[in-house]
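Please look through the sequence and the model shown below before reading on.

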Amino acid sequence: MSFIASRNALRAQLRPQFARTFASTPSAYAQSLKERLTELIPKEIENVKAVRAAHGNKSFGEVTVDQAYGGMRGIKGLIWEGSVLDADEGIRFRGLTIPEVQQKLPTAPGGSEPLPEALFWLLVTGEVPTEEQVKGLSQEWAARAELPKFVEELIDRCPNTLHPMTQFSIAVNALNHDSAFAKAYSNGVHKREYWKITFDDSMDLIAKLPNIAGRIFRNVFGDGKLPPIDANKDYSANLATLLGFGDNADFVDLMRLYITIHSDHEGGNVSAHTGHLVGSALSDPFLAFAASLNGLAGPLHGLANQEVLRWVQKMRAAVGEEPSDEKVAEYVWSTLKSGQVVPGYGHAVLRKTDPRYTAQREFALKHLPNDPGFKLVGQIYKIVPNILLEAGKAKNPWPNVDAHSGVLLTYYGLHQQDFYTVLFGVSRAFGVVSQLIWDRALGMPLERPKSYSTEAIKKMFEGK
């Protein structure tokens, strides 16, 4: 049976189950995300036209030579609809802060954290979905979750010594084989239709990520045996089950929070920008997101969370259980004096405690207040900012999202640190592909900024 035929058969099988599950909702079927987008896109095209007509010739501000050499920090040059990062306030997803997202988005029965399905709907539409719409999205992702056989075999043939992120990138690249966008483009599809097939690929991509991540995890760290996707469970519950933690309701809720807060952080970070850049060449969502994953695998981006945990564990071994503030401070100073940074502190944009850190801290206070690892992380939070300010090491001495996630995963038994960035990657897909859909809907062009050599800069300002 072909993939499409098997998917349609699964959908037919699932509909009666979900009709029973959703019987308490006002209608049997909610408006789909694609149907809602079809209504929103014409209005947004006109909105963008109006913005460009009114403000197209206005300047965002000057660009300095230091910014060109300094990683383009602070240069305003990208459109990213899903989220905006404020230096003092933190991230807003379509205008909502993280506490507002936690308050307004639907949760699973018995859960307290927002469902990632709801967050994806918000990122794509700018609207808070109903519970019925979220359940429909869960159903669709379950129906699309099966991997092509050759992708399963490709993952299975990877040596256990190959880093999980490398395996992740290989598998996502391989999904390009069945890309609806790539096939339609080669057949001459009209550009007005680009967003629809980009949407289909994006839905397939997100749906298949738990199976990819779970297969990698079980192959590298387990027995290679993988349970099936459960059509009656939400996305995070299925991911947790594939990893072997599905029976722990608190871990499942942590996955819901984790995916939500790691999903998007405006467009200038490495993984988001890379996906946008590669997608601007009309590469399909699988190729674009695989490129995002390769950026996320770097130690200055997604790999940072495991570096934080390793540093905390080394500190714990050195200072012992329940250390004094003085001992913790001594260890922090020794890290700085050895020419290293304190991992998990500071951010390229933020100038306050990362709200994503705060959300994780609140989760820990609720579920693991007496855990020694969490207590040490809290102690570090109290001590490190003042030391960094005293040392003059950071404009922002406050913790970012990476400063907390590792200790939570470890508490629940997920000790395999090399896998942590894979979870980050699953999450980041939500932000990357939601913007990619809008890039195609709005007809965004190939990204091509201007570059200069050092000699050209010297000549440009010679005598000035």
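Q435 is found in helix α20, which covers residues 420-441, where helices (H or I, at least four residues) and strands (E, at least two) are DSSP runs, numbered from the N terminus. The model is predicted, so local features need pLDDT of at least 70 and side-chain atom pairs count only at pLDDT 80 or more, while totals for chains, interfaces and linings use all residues. Residues are numbered from 1 along each chain as its sequence is written, and side-chain values use heavy atoms, with hydrogens and water left out.

- Q435 is buried, with a relative accessible area of 3%; here buried means under 20% relative accessible area, exposed means over 50%, and partly exposed is in between, with a 1.4 Å probe and protein chains only.
- When neighbours within four places in sequence are set aside, Q435 is in contact with I79, W80, E81 and G82, contact being defined as heavy atoms within 4.5 Å.
- L137, which is found in helix α6, also counts as buried, at 3% relative accessibility.
- Apart from neighbours within four places in sequence, L137 is in contact with L33, E117, F120, W121 and M203.
- L137 and E390 are 253 residues apart in sequence, and their C-alpha atoms are 49 Å apart in space.

**An enclosed helix**

- Helix α11 (residues 235-243) is largely enclosed by the rest of the structure, because nine of its nine residues are buried.
- The cover over the buried residues of α11 includes α5 (116-125), α6 (131-143), α10 (194-221), α12 (249-262) and α20.
- Just after α11, G244 takes a positive phi of about 95°.

**Annotated positions**

- Which positions carry the UniProt feature "active site"? The record, an unreviewed entry, places this feature at H301, H347 and D402; such annotations may be inferred rather than shown by experiment, the feature names are shortened, and the positions are given in the numbering used here.
- Although these positions are spread over 102 residues of sequence, they cluster in space, with a largest C-alpha distance of 10.8 Å.
- H347 is found in the loop between α16 (325-337) and α17 (355-367), and H347 is partly exposed, with a relative accessible area of 24%.
- Leaving aside neighbours within four places in sequence, H347 is in contact with L85, H265, R356, N396 and N400.
- D402 has its place in helix α19 (residues 402-411), and D402 is buried, with a relative accessible area of 10%.
- Not counting residues up to four places away in sequence, D402 touches H301, A304, N305, V308 and F424.

**Salt bridges**

- The structure holds 20 salt bridges, each being a side-chain nitrogen of Lys or Arg within 4 Å of a carboxyl oxygen of Asp or Glu.
- One of them joins R215 and E152, whose closest N and O atoms are 3.9 Å apart; R215 lies in helix α10 and E152 in helix α7 (residues 149-156), so the pair ties together parts that are 63 residues apart in sequence.
- R215 counts as buried at 14% relative accessibility, and E152 is buried at 17%.
- The side chains of K196 and E193 meet in a salt bridge at 3.3 Å, N to O; K196 is partly exposed, with a relative accessible area of 29%, and E193 is partly exposed, with 32%.
- K458 forms a salt bridge with E455, the closest N and O atoms being 3.2 Å apart, and both residues lie in helix α21 (residues 454-460), three residues apart, about one turn of the helix.
- Salt bridges that share partners join K34, E140, R144, D200 and D204 into one network.
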